[in-house]
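Let's take a friendly walk through this model, with the sequence and the 3D view side by side. Please keep both open as you read.

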Amino acid sequence: MSLHFQCIQLLDELEQVLNDHALWQTTPPSAERLASTEPFAVDTLACHEWLQWIFVPKMRALIDAGQTLPRNFEISPYVEEAMKEQAGHREVVAVVVRIDSLFADQ
């Protein structure tokens, strides 16, 4: 199974888990909030918003364009810390850990 296909499956799963816990939004944040230059947009977005509006779309855009996917990144520590008080955090972190693992040592 290709890396791109595995990534699509995990992104779909992440979207579903966020949706299952009422963390998937129908209205995007303002352009100003999305334009943050801070890592994970910590100054303007909640973690689940960053996942939905920045991480997932950027990964899907790379896949759709047939681009090389990033390697050796780890977002699960941030997600785990940022979402520790939210409902569904364990399920979200579990998917993100699998995403991290997919790109480890690529």
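## A valine in a loop, and how to read the model

Val42 sits in the loop that joins α2 (31-34) to α3 (47-64); helices (H or I, at least four residues) and strands (E, at least two) are DSSP runs, numbered from the N terminus. With a relative accessibility of 48%, Val42 counts as partly exposed. On this scale, buried means under 20% relative accessible area, exposed means over 50%, and partly exposed is in between (1.4 Å probe, protein chains only). Val42 and Pro28 are 14 residues apart in sequence, and their C-alpha atoms are 16 Å apart in space.

A word on the ground rules: this is a predicted model, in which local features need pLDDT of at least 70 and side-chain atom pairs count only at pLDDT 80 or more, while totals for chains, interfaces and linings use all residues. Residues are numbered from 1 along each chain as its sequence is written, and side-chain values use heavy atoms, with hydrogens and water left out.

## Helix α1 against helix α5

Two packed helices are described by the angle between their axes and the distance between the axes. For α1 (residues 3-20) and α5 (residues 89-102), the angle is about 165 degrees and the axes are 9 Å apart. Axes here are lines fitted to C-alpha atoms, for helices over the stretch in contact, and angles run from 0 to 180 degrees between N-to-C directions. The two helices, α1 and α5, are therefore roughly antiparallel to each other; angles under 35 degrees count as roughly parallel, over 145 as roughly antiparallel, 65 to 115 as roughly perpendicular and the rest as oblique.

The crossing of α1 past α5 is left-handed, meaning that the near helix is turned anticlockwise from the far one by less than a right angle (clockwise would be right-handed). On the α1 side, the contact includes Leu10, Glu13, Leu14 and Val17, and on the α5 side it includes Val92, Val95, Arg98 and Ile99. Contact means heavy atoms within 4.5 Å. By class, this contact of α1 with α5 has 12 nonpolar, one polar and three charged residues. Ala, Val, Leu, Ile, Met, Phe, Trp, Tyr, Cys and Pro count as nonpolar, Asp, Glu, Lys and Arg as charged, and the others, Gly among them, as polar.

## Helix α1 against helix α3

Helix α1 also packs with α3, at an angle of about 160 degrees and with the axes 11 Å apart. That makes α1 roughly antiparallel to α3. Here too the crossing of α1 and α3 is left-handed. Among the residues that make the contact are His4, Ile8, Leu11 and Asp12 of α1, together with His48, Leu51, Phe55 and Met59 of α3. The contact of α1 with α3 divides into 10 nonpolar, two polar and three charged residues.

Leaving aside residues up to four places away in sequence, Val92 touches Leu14, Val17, Leu18, Leu51, Val79 and Met83. Val92 and Glu13 are 79 residues apart in sequence but 9.2 Å apart in space, C-alpha to C-alpha.

Gln52 belongs to helix α3 and is buried as well, at 4% relative accessibility. Its touching partners, again not counting residues up to four places away in sequence, are Leu23, Trp24, Gln25 and Pro57.

## The cysteines

A disulfide is a covalent bond between the sulfur atoms of two cysteines. Searching the whole structure finds zero disulfides, with the cut-off being a pair of cysteine sulfur atoms within 2.5 Å. The closest cysteine sulfur to that of Cys7 is in Cys47, 17 Å away, which is too far for a bond. Cys7 is buried at 2% relative accessibility, and Cys47 is buried at 3%.

Most residues other than glycine have a negative phi. Phe40, in the loop between α2 and α3, has a positive phi of about 60 degrees. Phe40 counts as partly exposed, at 24% relative accessibility.

Asn72 has a positive phi too, near 50 degrees. Asn72 lies in the loop between α3 and α4 (76-82) and is partly exposed, at 48% relative accessibility.
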